[in-house]
Amino acid sequence: MTQARQHSIQVVAHRGASEDAPEHTLAAYTKAIEDGADALECDVRLTADGHLVCVHDRRVNRTSNGRGAVSALELADLATLDFGSWKDSEESPDWRDPEFTSVLTLERLLELVADADRPIQLAIETKHPTRWAGQVEERLLQLLKRFGLDDPTRGGRAPGAPTRGGRVLGGLPPGESFRGRSAPGGPVPGESAVRIMSFSARSLHRIASAAPQLPTVYLMQFVSPRLRDGRLPAGARIAGPGMRIVRNHPGYIARLHRAGHRVHVWTVNEPEDVDLCVRLGVEAIITNRPKQVLSQLGRL
Ligand code: G3P
Ligand code: CA
C-alpha cells in the first residue's frame, strides 16, 4: 500500500545511488540525478590539509584501494586513490573511470548540483566532527557562503560565487529560493536547497549559531529518554530517525509531528519500509535505491 501523502515525500539518494554505484562518487551522484532523486545525501570529513571530502568512514580502507584515516591524508594523497573498483561485481564490472570514481570534494558536488537541469537539494552530514572542534562546520559554512547557500532566506547565489553553466545550485534563477514553490515529490515549499545533518547535537548547535537560517536535521539511532516527548536538542529543526526507530516506535513519529517537526528517515530500502513511511506521513525518505523508491511511489 503506497498511497496517501506519497506525493509530498522527498526521495533522497543516500551517498548517491549507492546500491548501484560506488558510494560518495560522482558516478553515484550522477546516477541519482539521472534516476530522478529530489535530493542527495553526503557525509563530509576534513582532510589533513583542510578540504571537505565526501567519505563516510573514518578511514578510506573500505571504499578505496588506499589505507588510513581521512584526517591524516591530504587531498593530493586521496586524489591518487581509486574509490570505485571495490564496488565491482559480475553485473557491474568496471567502476574504474577516474573522472567518476576519484575522491569527491564537497565543492565538486556543489558544482554538480549547480549544473543540474532541475532543482536538487543537498543533505550534508557532518561526520563525527568533534575531533576538529568546530573546523568542519567552519569550513562547511565558508564553502556554502561561496555558493550563496549559507542563508536560504536570501535565495540564489552570492554575488561573485563560482558558477558552472551559469545556474544556481538546484537550478533556480538568482534571487529565487524554494520558498513558495511546489513540485510533486520535489523540493518542498519553504525548504532550503541545503540542510545540515548530524548525530552530533553539538555540531548542529554550531551550525545553528553561525547560520540560523540553515535547516538542521538531528540524526537518531535510538530515542534518548530526554527526547521521548518529541523535543529535539537546541539547534536542531528536523528529526532524522533511523528506520529501526520508525519500525519499532511508530507512535514516536506522530509525537515528532505533533511537536511540529518534519521527519526525515534513513535508510529506507525495503518496499515495506517505504510503505510504512508513507503511512506515517514522513517528509523525506533517505534511500540507497532512489529509482526503486520513486517507482514504488508512482513517480516514474
Ligand atoms: O542519512 C543519515 C544516515 O546517512 C546516517 O547514517 O552511517 O549512513 O551516515 P550513515
Ligand atoms: Ca550519512
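Start with the whole protein chain and its contacts, where two residues are in contact if their C-beta atoms, placed from the backbone, lie within 7 Å. Among contacts between residues at least 6 apart in sequence, 58% join residues at least 24 apart. What you have open is a predicted model, in which local features need pLDDT of at least 70 and side-chain atom pairs count only at pLDDT 80 or more, while totals for chains, interfaces and linings use all residues. Residues are numbered from 1 along each chain as its sequence is written, with chains lettered from A and ligands numbered from 1 in the order in which they are written.

Now switch to cartoon. The protein chain has 10 helices and 9 strands; these are DSSP runs (H or I and at least four residues for helices, E and at least two for strands), numbered from the N terminus. Of its 300 residues, 48% count as buried. Buried here means 20 or more other C-beta atoms within 10 Å of the residue's own, exposed means 12 or fewer, and partly exposed is in between, with C-beta atoms placed from the backbone.

**Stop one: strand β5**

Because 5 of the 5 residues of β5 are buried, the strand is largely enclosed by the rest of the structure.

Next, pick out Ile196, which is in β5. It has 29 C-beta neighbours inside 10 Å, so Ile196 counts as buried. Not counting residues up to four places away in sequence, Ile196 touches Ile124, Thr126, Leu204, Ile207, Leu214 and Thr216.

Two strands pair if DSSP finds at least two bridges between them. β4 and β5 run parallel and are joined by 4 bridges, and Ala123 has Arg195 in β5 as its bridge partner. β5 also pairs with β6, in the parallel sense over 3 bridges; here Ile196 stands opposite Thr216.

Carry on to β7, residues 238–241. β6 and β7 pair in the parallel sense too, over 4 bridges, with Val217 opposite Ile238. In β7, Ile238 and Gly240 point one way, Ala239 and Pro241 the other way, and all are buried.

**Stop three: helix α6**

Together, β5, α6 and β6 make a right-handed β-α-β unit. To check the hand, point the strands away from you: right-handed means that the path from the first strand over the helix to the second runs clockwise.

**Stop four: the nonpolar core**

Which residues touch the most other members of the largest nonpolar core? Select Leu40, Val53, Val265 and Ile285; the core has 81 residues. A nonpolar core is a set of buried Ala, Val, Leu, Ile, Met, Phe, Trp, Tyr and Cys residues joined through C-beta atoms within 7 Å. Helix α1 gives the most to this core, with 6 residues.

Zoom in on Val265. Leaving aside neighbours within four places in sequence, Val265 is in contact with Pro241, Met243, Val246, Cys277, Val282, Ile285 and Ile286.

**Stop five: ligand 1**

Centre on ligand 1 and show His14, Glu41, Asp43, His56, Glu125, Met197, Leu219, Trp266, Thr267 and Ile286, which surround it (each has its C-beta atom, placed from the backbone, within 6 Å). By class, this shell has 4 nonpolar, 3 polar and 3 charged residues.

Select Arg15, in the loop between β1 (10–14) and α1 (26–35). Arg15 is not a glycine, yet has a positive phi of about 60 degrees. His24, in the loop between β1 and α1, also has a positive phi of about 60 degrees without being a glycine.

Finish at Gly66, in the loop between β3 (52–54) and α2 (75–78). Gly66 has 16 other C-beta atoms within 10 Å, so it is partly exposed. Draw a line from Gly66 to Thr80: they are 14 residues apart in sequence and 8.8 Å apart in space, C-alpha to C-alpha.

Key: Ala, Val, Leu, Ile, Met, Phe, Trp, Tyr, Cys and Pro count as nonpolar, Asp, Glu, Lys and Arg as charged, and the others, Gly among them, as polar.
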